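Reader: I would like to learn how to read strands, an interface and the exposure of a residue. Could we go through them one at a time?

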Amino acid sequence: MKYKHFALVVLVLLLNACGDNIRPVDLSYESQILYLGNGTEPQDLDPHVVTGVPESKILMALLEGLVIRHPSGLSPLPGIAQRWNISEDGKTYTFFLRDNAIWSNGDQVTANDFVYSWRRMLTPSLGSKYPDMLYDVIGAEDFNKGLLKDFSKVGVRAVDERTLQVSLRNPAPYFLELLCHYTTRPIHRPTIEKFGEIDSLGSQWTRPGNFIGNGPFELSSWELNKLLVVKKSPTYWDAANVTLNEIHFFPVDNATREDLMFRSGKLHVTSTVPQEKIEVYKGKYPENLKIDPYYGTYYYRFNTKKEPFNNKLVRQALSLSIDREKIVQKVQKGGQAVAFSFTPPNRNAFYPSTKLEYDPERAKELLIQAGYPEGTLPPFELLYNTSEGHQKLAQAIQQMWKKNLNIDVTLTNTDWKVYLSKMGIGDFSVARAGWIGDYVDPKSFLDMMVTGRGNNQTGWSNIKYDSLLLKGANSPSQDERFSFFDEAEHILMDELPILPIYTYTRIYMLHSDVEGWDSNLLDNHPYQFLSIRQSVK
Amino acid sequence: MLELISKRLLTAIPVLLAVVTLTFFMVHSAPGGPFDAEKAVDPEVLIKLNEKYNLDAPLYKQYFDYLYGVVQGDFGPSFRYPGRSVTELIFTGLPITFELALYSILFAVLLGVSIGVVSSLKKNTIYDYAPMTVAMLGICVPSIILGPSLILIFGIWLEVLPVSGWGDYSGDKILPTITLGTAYAAYCARLTRGGMLEVLNQDFIRTARAKGLSETRVVIFHALKGGLTPVIAFLGPAMAGLLAGSFVVETIFGIPGLGRFYVEAAFNRDYTMILGSSIFFSCLIIFFNLLSDLIAAIINPKLR
């Protein structure tokens with residue numbers, strides 16, 4: 001008898017909850033719950049500490065800055081600031097805050113909240129990773145580097161409760177773009193101070209129950225590696241126009257599992273699509289597979305401190321012998337565009353006039369000029385972090401270099417952290433890299449290649465390039481800035497310390513019931529503009 | 001019995017010390033650090049972070065500081081999740097991993113013992129060969145193949161079971177349990193069959209049958225007790241193996257258990273989390289091995 005009971009218990013345990021297999025997305029037009037695949041588990045929800053895309057997606061729901069991104073990626077829309085004035089020299093911004101902007105605990109959002117938040121973000125001992133977002137503000141960089149101790153000398157001040165004035169050291173036509181970034185959003189001072197000091201890293205204020213935000217949603221629950229839920233905030237200034245009731249962020253860092261979740265009706269949106277499925281889904285789910293342009297460039301880095309890559313001709317030859325068209329058509333197959341500049345071209349703004357050609361004959365000539373007639377260039381190593389996608393591309397380029405220039409290239413893959421450490425100490429010859437702009441402006445790419453910048457990592461330095469970037473920063477006219485940047489792009493594409501290969505696309509699956517989801521360069525989809533409608537089946 | 005326990009506990013100390021020492025120096029010698037990121041971290045920020053997490057001290061000092069903390073039950077803060085301690089992370093994942101391991105072992109025992117008993121009673125017939133062949137397959141097929149296959153069949157084609165989660169959707173615990181438990185069920189089946197065959201030939205079984213007891217009573221009340229001894233001895237290491245090996249299944253099904261934290265920690269160079277989980281898993285393995293020895297000793301007095 002004992003064994004029968006045992007068997008029964010086990011059976012009940014295993015099958016107790018076995019019922020209908022519900023597809024949550026099918027019911028969400030009633031519940032208005034958006035189910036979202038969100039990549040890796042967020043590290044934290046402190047906008048001054050985190051750096052990842054998954055965190056940024058959640059913070060977009062929880063916190064609102066002075067301005068918000070337009071769902072189609074056009075110019076910023078009023079957020080907490082109802083309107084703003086920009087002085088004629090482009091250096092003074094005055095923001096007028098909404099009367100009805102309130103925190104989720106009922107407190108008013110004031111200009112002082114922004115002053116406090118920016119002070120916190122720039123406080124050296126906090127160790128924020130994005131302080132440069134505010135470096136255009138007078139004194140911000142000095143304060144962050146510890147050269148200026150008195151924050152009142154930094155160019156941000158609350159004129160009154162509702163008016164915030166920001167003074168810039170140089171005109172920055174992209175400044176409103178920067179203010180869309182989560183790191184410039186306000187945080188609730190009493191909450192920060194309740195759980196620690198201004199510079200406490202990882203205090204408990206970001207936990208559900210503690211988190212006070214001012215965004216369209218508030219933090220409801222957060223189970224590590226499982227699910228993070230935000231609920232519509234009744235205190236949000238525009239709550240009447242927010243349709244979604246909840247957003248469920250699933251940390252799914254495995255593309256295959258995310259794909260299965262989407263296909264079994266557990267997700268409305270995925271963060272990616274397994275590369276091998278892209279072709280299949282183009283035919284099978286054309287209405288769900290989304291391929292949006294993305295503000296990012298996939299490129300290879302040369303270690304210009306090392307022979308033979310210290311020779312510009314060698315770098316040019318290697319670039320000329322890559323058939324980028326073939327790479328995007330035959331290898332990537334995800335709608336990527338051939339890169340001809342470092343900054344991804346943007347038809348609405350900066351469109352570089354550079355070119356990157358495929359000309360193996362010219363490449364051979366250049367190698368001869370550089371002193372390496374055919375087959376004499378010493379073999380070298382191409383480094384990438386372990387990933388099937390990077391490997392495929394590296395193999396294709398390895399073959400192109402072999403075929404066109406008779407060069408032997410060894411492919412080396414390492415785990416992500418090993419790769420990063422090799423980049424950091426310059427222990428590589430040629431290495432794969434990628435960059436996604438934090439805001440839509442060429443500065444978010446070109447600034448990286450200025451002498452000595454942390455992400456330059458090629459050892460390359462060019463005085464003229466640096467001066468053009470500086471001129472661009474000080475120019476009040478957008479057209480003039482873009483002409484300096486275009487010139488800088490020409491230097492970069494001639495010198496080629498980096499080898500742009502293609503412009504990224506964002507490839508993901510989207511359920512057809514989701515409305516208001518526009519494609520834009522930064523993959524930003526403010527949730528207050530989204531809703532779920534029952535599609536006709 | 002007491003002697004056995006104290007002897008085992010004493011040998012556990014050097015084992016744990018070796019685990020801590022080896023793991024500590026291995027993770028610290030791996031290239032890359034916990035704060036390396038795509039967006040290069042400002043050197044000044046890095047100095048502050050290293051200071052905060054005691055990574056600026058000489059390695060031997062870090063090692064002794066860490067040991068000192070561990071002895072006091074402090075596994076330190078996680079490097080990846082600011083504001084969360086390693087202990088918090090372990091106890092977030094542990095109940096789930098434990099539940100998964102428990103269901104899997106129940107599944108394994110129930111299925112394995114049933115098959116083993118039937119096979120032993122129908123020795124050298126199709127009812128013996130067929131399940132034993134399947135059991136051999138069960139042992140051979142790794143969970144990394146079995147899991148996705150089950151997902152494909154039951155989740156995608158038949159659409160009867162959820163493909164991910166743990167306690168989120170009805171029935172989402174079934175596929176992970178089967179995936180993790182199958183290999184162990186197969187072992188249980190083979191062990192039960194072996195154990196039963198040995199017991200069924202013994203005199204007391206013949207006596208029981210001669211007394212006119214029904215075959216069911218003979219099997220359940222007389223033969224199983226002895227026949228299951230190898231299975232019980234196997235349960236301790238199996239439970240330890242299930243707990244430590246659950247990370248593959250947790251990854252396939254997106255289960256937020258300890259195994260996933262462990263693997264992630266390794267990729268993220270979350271030193272304290274790697275160390276904390278290694279120590280914790282070592283303790284579990286030691287504990288379950290001890291437990292199975294104790295149970296075996298209780299069942300079989302010859303082992304005492």
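Reader: In which sense do strand E8 and strand E9 of chain A pair, and over how many bridges?

Author: Keep in mind that this is a predicted model. In a regular strand the side chains alternate between the two faces of the sheet. Here, E8 of chain A (residues 217–223) and E9 of chain A (residues 227–232) are antiparallel, with six bridges between them. Within this pair, Glu218(A) is opposite Lys231(A) of E9(A). Three residues separate the strands in this hairpin, and Asn225(A) there has a positive phi near 60°.

Reader: Which strand do four bridges join to E9(A)?

Author: That is E10 of chain A (residues 246–250), and it runs antiparallel to E9(A). Val230(A) faces Ile247(A) of E10(A) across the two strands.

Reader: How many residues of each chain are in contact?

Author: The size of an interface is often given as the accessible area lost when the parts come together. Here we count residues instead: 43 of chain B are in contact with 41 of chain A. On the chain B side, helices that each supply at least two residues include H2 (43–52) and H7 (174–200). H4(B) gives the largest share, five residues. By class, that side has 24 nonpolar, 10 polar and nine charged residues.

Reader: Why is Tyr63(B) called partly exposed?

Author: Tyr63(B) has 16 others within 10 Å, so it is partly exposed. Tyr63(B) belongs to helix H3 of chain B (residues 59–71). Thr21(B) is 42 residues from Tyr63(B) in sequence, but their C-alpha atoms are 8.0 Å apart in space.

Notes. Residues are numbered from 1 along each chain as its sequence is written. Chains are lettered from A and ligands numbered from 1 in the order in which they are written. This is a predicted model: local features need pLDDT of at least 70, side-chain atom pairs count only at pLDDT 80 or more; totals for chains, interfaces and linings use all residues. Two strands pair if DSSP finds at least two bridges between them. Two residues are in contact if their C-beta atoms, placed from the backbone, lie within 7 Å. Ala, Val, Leu, Ile, Met, Phe, Trp, Tyr, Cys and Pro count as nonpolar, Asp, Glu, Lys and Arg as charged, and the others, Gly among them, as polar. A residue is buried if 20 or more other C-beta atoms lie within 10 Å of its own, exposed if 12 or fewer, and partly exposed in between; C-beta atoms are placed from the backbone.
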